[in-house]
Amino acid sequence: MGENKKKIDWGFLIGALAYVAGLAFLFAPLYVYETKVVIDGVKVKTKFNLNLIGLFGDKMPNSAAVIVLLVLLGLGAALFLLGKILKKGKDGLLVGSAFAGLFSIIVMFFEREIFNDLAPKVIEHYNGIEMGWGSSVFFVMVGVAVICAISSTSYSQENDIRALAEDGILVAAAFALNFIKIPVSGSGSINLQMLPLMIIALRRGPVHGLIGGGIVYGLLTCITDGYGMSTFPYDYFIGFGSVFFMGFFRKWILPTDQSGYNVRAIILIIVTGAVSTFIRFVGGCTSSMVLYKYTLEAAMAYNAIYIPVSGAAAVVVLCFLQGPLAAISRRFPAKKAA
């Protein structure tokens, strides 16, 4: 009779505890900033520890990123818990949890860059900032939760050499398309860089879309664009990682049991492409408000031209490519049948 006892899901238990621990360490020193004053020719330096509460102080240069961080952590924990409770179809919830957790780590890290850009304007004698020990523990705890979430999905079993090579080729194609663009006066530029990233998500699923688009391609373009690493969380990680949403619908858009054009698949491309573009638009607006202190209306006006048009262009081309891509997926399925 003892054989019927339920086994402890250690992955879920460790991940849940890691999320809780990550939240607890937000109250430890997350950052240490310094001021420097010269008195009678002597440099006097003073260091100040900042935890979660301190980041909301009256003299702090920016609290919007901290609010984003808290929302993401709460969302990640909620999706992780729902994935355990619902069981069936849990992959989407766990991938969403991993996305939220990973994004919270990135926001935490680049908050230092954001703080460093804005602090000289509001903190007298400001002289730089560094990460505190609380941030280091936070990275480890939430990182463990992210790994637990991804390892609990079926997508974690698909990282073979062919998948990595395919992702690399498509990231390189996106990087090349980034240089073929139409400048928009007073805004960004219109190009097709999102197209190969969308194909990654459709071929390999949301995890590959997130990693290939948000992390690999996001870092490459952030470094080469020259706008500063403080823009990475919003304009690049969430902006290009947004294609992960399309990966949830890959088996209907690029089914392996049929080739050629499919009306349902094209409709799904339009709908999911619009959602991914909207997520990128939200990331761009958040960047404008957090980094450049735009009002919501000004941020929307700035991003409302080039992001929707670029997304629409990528979706239109992808609709034309749906038939050939479906044939490729049937001939070379991303995941071999068991």
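Visitor: How far apart are the closest N and O atoms in the salt bridge of Arg204 with Glu166?
Guide: They are 3.2 Å apart. A salt bridge here is a side-chain nitrogen of Lys or Arg within 4 Å of a carboxyl oxygen of Asp or Glu. Arg204 sits in helix H6 and Glu166 in helix H5, so this pair ties together parts that are 38 residues apart in sequence. Helices (H or I, at least four residues) and strands (E, at least two) are DSSP runs, numbered from the N terminus.

Visitor: Where do these numbers come from?
Guide: This is a predicted model, where local features need pLDDT of at least 70, side-chain atom pairs count only at pLDDT 80 or more, and totals for chains, interfaces and linings use all residues. Residues are numbered from 1 along each chain as its sequence is written, and side-chain values use heavy atoms, with hydrogens and water left out.

Visitor: Back to that pair: are Arg204 and Glu166 buried or exposed?
Guide: Both are buried. Buried means under 20% relative accessible area, exposed over 50%, and partly exposed in between (1.4 Å probe, protein chains only). Glu166 has a relative accessible area of 19%.

Visitor: What else does Glu166 form a salt bridge with?
Guide: Arg203, with the closest N and O atoms 2.9 Å apart. Arg203 is buried too, at 7%. Through shared partners, salt bridges join Glu166, Arg203 and Arg204 into one network.

Visitor: How many salt bridges turn up in the whole structure?
Guide: Three. One of them links Lys47 and Glu130, with 3.9 Å between the closest N and O atoms. Lys47 lies in strand E2 (residues 42-50) and Glu130 in strand E3 (residues 126-131), so the pair ties together parts 83 residues apart in sequence. Lys47 is exposed, at 52%, while Glu130 is partly exposed, at 39%.

Visitor: New topic: at what angle do helix H8 and helix H11 cross?
Guide: Roughly 175°, with the axes of H8 (residues 232-241) and H11 (residues 263-292) coming within 8 Å. Axes are lines fitted to C-alpha atoms, for helices over the stretch in contact, and angles run from 0 to 180 degrees between N-to-C directions.
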